[in-house]
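Hi,

Here is the structure I promised to pass on to you. Have a look at it first, then read on for what turned up.

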Amino acid sequence: AHGRSARDEQRLYAALMYSDDPIIAVVGVERTITALKIWREITAASGLLMSIPEKRILGVWAKWLGVLILAGLGLVVVPRDKLLRASAAISATLAGSVDFGQYRSLVGLLEHLRSVNRAGRNCMYHLYEPHKLEGQQQAGPSMVVTPSPPMIAQLRRWGKLVQQSGGSQV
């Protein structure tokens, strides 16, 4: 379900990258060695500097983009602090006490949680209203966001989702 096919389940590797944060997952020792060699070739040829060794992870789990990926258990887990931050920001937005900069950050966090929880795009409907040129963005990042009725309904939906789900199976 959730748009995945049997073919996705049979893949022996995956490589994802958001901005400058890559994650590579492989099955087996030989593929791991090959993946590390190829990644090193790519970064060396591109002249990219990798993060300090303390930030590098090799194993059956990783913290990537603020979520825990527990490959051995087949889980993606959102840490409690991130869920609490999302819940507090939703409540503050519903109370009309966030500015556009804070709201933009909330929407980015919800997009991130949406992908972790494999929620559909429809859970973001109406939440980009303030981003429109004719919306509140014209007054700058310090403009207080006043949620419309459809935004309020969607934010309430998100409030429940954040309270009920801290991750998903993968």
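Let's start with two helices: H3 passes H5 in a left-handed crossing. This is a predicted model, by the way, so keep that in mind throughout.

Is glutamine 163 buried or exposed? Its relative accessibility is 66%, and exposed means over 50%, so glutamine 163 counts as exposed. If you want a sense of distance, take serine 105 as well: 58 residues separate it from glutamine 163 in sequence, and their C-alpha atoms lie 19 Å apart in space.

Next, the sheet. In what order do the 4 strands of the open sheet come? The order is S3-S4-S5-S6, with antiparallel pairing. At the edges you'll find S3 (61-64) and S6 (167-169), each of which pairs on one side only. On average, neighbouring strands in this sheet are turned by 15° against each other, ignoring direction. In case the idea is new to you, strands of a sheet pair through backbone hydrogen bonds, either parallel or antiparallel.

Now go through the sheet strand by strand. S3 and S4 (residues 67-70) are paired in the antiparallel sense over 4 bridges. Across that pair, alanine 62 stands opposite isoleucine 69 in S4, and lysine 63 stands opposite leucine 68 in S4. Each of these strands has a covered and an uncovered face. For S3, Ala62 and Trp64 are on the covered face, while Trp61 and Lys63 are on the uncovered one. For S4, the covered face has Val67 and Ile69, and the uncovered face has Leu68 and Leu70.

Two other spots have a positive phi. One is glycine 47, which follows H2 and has a phi near 70°. The other is histidine 126, with a phi of about 75° although it is not a glycine. You'll find histidine 126 in the loop between H4 (100-116) and H5 (149-164). Its relative accessible area is 40%, which falls between the 20% and 50% cut-offs, so histidine 126 is partly exposed.

Here's a sum you can check yourself. How far apart should the ends of H2 (residues 29-46) be? At 1.5 Å a residue, its 18 residues should span 26 Å, and the end C-alpha atoms are 26 Å apart, which agrees. If you try it, multiply by one less than the number of residues.

Stepping back to the whole chain, there are 5 helices and 6 strands. From the N terminus on, the elements run α-β-β-α-β-β-β-α-α-α-β. The C-alpha atoms fill a box of roughly 55 × 40 × 25 Å along the principal axes. Of the 170 residues in the chain, 27% are buried.

Last, a word on confidence. The average pLDDT of the chain is 84, and 91% of the residues score at least 70. Where pLDDT is low, the predicted coordinates should not be read in detail.

Cheers

Note on methods: Residues numbered from 1 in each chain as written. Predicted model: local features only at pLDDT ≥ 70, side-chain atom pairs only at ≥ 80, totals over all residues. Heavy atoms only, no water. Buried < 20%, exposed > 50% of the residue type's maximum accessible area, 1.4 Å probe, protein only. pLDDT = per-residue confidence, 0-100. Pairing = 2+ DSSP bridges. Axes fitted to C-alpha atoms, helices over the stretch in contact; angles between N-to-C directions. Left-handed = near helix turned anticlockwise from the far one by under 90°.
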